Amino acid sequence: MDFNKSPEEIYKTTKHYCPLLWNHLHINTMGDVQPCCMAPFNTSLGNINEKSLDEIWNGRAMRKARRRMLKDMPLSTCQGCYEKEKSSDWSLRKASILKYHDSVKPLLETTADDGASFDSKPVYWDIRFSNICNMRCRMCGHFSSSKWFNDARRLSREYDNHRYQNGDRAIIHAVKDSTSLLDRLDEFLPHVQELYFAGGEPMLMEEHYRILTRLDELGLHNTFIRYNTNFLQLYYKDKDIVELWKKFNNVFCSISVDTYGARAEILRHDTIWKTIEENIQRVKQEVPHVRFNITPTVQILNVFTLTDLHQQWCEKGWIGPNDLFLNILHSPEFYNIKALPPHLKLKVEEKFKKHLEWLAANYNDNLHSVRNTINNSVSYMMSEQLDESNLYELCNQTRQLDTIRKQDTPSTFPELEYIWSYYAEAN
């Protein structure tokens with residue numbers, strides 16, 4: 001491969017190369033180091049509780065992965081990006097090439113034949129310190145939300161790997177000794193280009209506040225700090241994140257809201273919709289330099305109303321028309337929009353089309369970004385028809401969770417009446 005091309009050229013001429021294996025540290029909620037958060041949950045380059053960071057960073061699995069990347073050969077852990085690229089022009093692989101290839105290129109040249117890279121260092125962090133969360137989102141599970149634990153036990157749901165239920169503990173700590181890990185990473189902080197906090201819910205994680213406090217002590221107030229947060233809680237113990245953000249110049253929040261009102265309170269259970277709106281208003285008033293967008297997880301339950309949410313927040317002036325990124329859900333397949341009946345897919349397509357027309361009529365902005373994310377979602381939905389057995393499973397799962405949580409999803413989501421009536425009865 002010729003790595004002396006521009007990032008744009010590299011992306012167009014490679015199918016599998018990604019720079020993240022040279023600069024990115026992702027640790028999932030089970031302590032597994034992975035190429036990135038898109039990797040299947042049960043894959044690992046090494047577990048941080050069993051090996052040191054240094055042993056993993058240039059360990060056998062990492063070296064093998066780098067060798068394949070240098071030859072532009074596929075990795076099974078990267079299948080998520082390969083699949084996304086079949087139906088859209090966005091993937092984390094593409095975004096990472098565009099953002100990081102230039103800075104990683106010198107490291108590629110010094111990578112040893114066996115894949116070792118002693119010049120590289122983790123300068124983009126995504127460490128999921130625990131599964132601590134304040135919500136029980138329908139499409140989630142215990143591996144990413146401590147609040148899911150009791151519901152998961154009552155459902156007796158079989159996960160891809162039973163160990164992700166983690167015995168009888170609701171809270172899973174990814175790193176048994178987070179102090180030692182942060183001490184080891186401290187030397188890299190001055191070089192860090194990006195810190196990504198996700199969860200669980202990062203606003204509830206002590207390690208998140210420890211890292212921000214350390215950045216403040218070092219005067220690193222220009223570090224790019226990025227979040228995926230449900231925005232329900234802006235404090236932890238005696239710490240107020242808004243007060244901390246006043247010290248930092250480059251903060252970006254991706255707010256994981258999928259729909260609005262009563263629908264949001266079912267889809268992301270434990271949501272208090274009024275509180276989220278109040279938190280948005282506070283941030284806009286007190287730290288207006290903090291940028292944010294909304295990142296709905298596109299699935300059957302919200303696909304008919306997510307454009308309504310986007311329009312509402314645009315009209316309130318909370319976001320701009322391009323401050324929307326649609327994160328397409330792939331699994332569980334019974335929530336996947338590919339499983340929608342064909343006539344409902346056409347209705348969704350028409351609604352998305354009308355939303356784009358509304359945006360064009362009301363904004364002079366360049367709408368390329370929002371048009372892209374919407375069109376990519378439509379293309380993904382139309383690219384395949386999943387078996388209708390998924391809709392039976394959707395109704396079954398919905399009935400069980402409604403019983404446990406004392407909710408009535410069919411009444412709250414009447415736009416899906418066809419599914420509730422036909423597939424529930426057939427079930």
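User: Which helix holds Lys64?

Analyst: This is a predicted model, where local features need pLDDT of at least 70, side-chain atom pairs count only at pLDDT 80 or more, and totals for chains, interfaces and linings use all residues. Residues are numbered from 1 along each chain as its sequence is written, and side-chain values use heavy atoms, with hydrogens and water left out. Helices are DSSP runs of H or I with at least four residues, strands are runs of E with at least two, and both are numbered from the N terminus. Lys64 falls within residues 60–70, which is helix α4.

User: Which residues gather with Lys64 in a patch of positive charge on the surface?

Analyst: A patch takes residues with over 30% relative accessible area and no salt bridge, joining like charges within 9 Å and nonpolar side chains (Val, Leu, Ile, Met, Phe, Trp, Tyr) within 5 Å. Lys and Arg count as positive, Asp and Glu as negative, while His and the chain ends are not counted. Each charge is placed at NZ of Lys, CZ of Arg, CG of Asp or CD of Glu. Lys64 gathers with Arg60, Arg67 and Lys71.

User: Which residues form a negative surface patch?

Analyst: Glu8 is one of them, and it sits in helix α1, residues 7–13. The patch is formed by Glu8 together with Asp2, Glu9 and Asp102.

User: Is Glu8 buried, partly exposed or exposed?

Analyst: Accessible areas come from the Shrake-Rupley method with a 1.4 Å probe, and for residues only the protein chains shown count as cover. Buried means under 20% relative accessible area, exposed means over 50%, and partly exposed lies in between. Glu8 has a relative accessible area of 45%, so Glu8 is partly exposed.

User: How many salt bridges does a search of the whole structure find?

Analyst: A salt bridge is a side-chain nitrogen of Lys or Arg within 4 Å of a carboxyl oxygen of Asp or Glu. Arg136, Lys147, Asp151, Asp270 and Arg405 are linked in a network of them. The search of the whole structure finds 26.

User: Which residue forms a salt bridge with Arg63?

Analyst: The closest N and O atoms of the pair are 3.8 Å apart. Arg63 is in helix α4, and its partner lies 51 residues away in the loop between α6 (92–110) and β3 (124–127). Arg63 is partly exposed at 21%. The partner is Asp114.

User: How many residues apart are Glu277 and Lys316?

Analyst: Glu277 and Lys316 form a salt bridge, with the closest N and O atoms 2.9 Å apart. The pair links distant parts of the chain: Glu277 is in helix α12, and Lys316 is in the loop between α13 (306–315) and β13 (327–328). Glu277 is buried at 19%, whereas Lys316 is partly exposed at 43%.

User: Which cysteine sulfur is nearest to that of Cys137?

Analyst: Cys137 is in no disulfide. Cys137 is buried, with 7% relative accessibility. The nearest cysteine sulfur is 5.9 Å away, in Cys140.

Note on methods:
Buried < 20%, exposed > 50% of the residue type's maximum accessible area, 1.4 Å probe, protein only. Disulfide = S-S within 2.5 Å.
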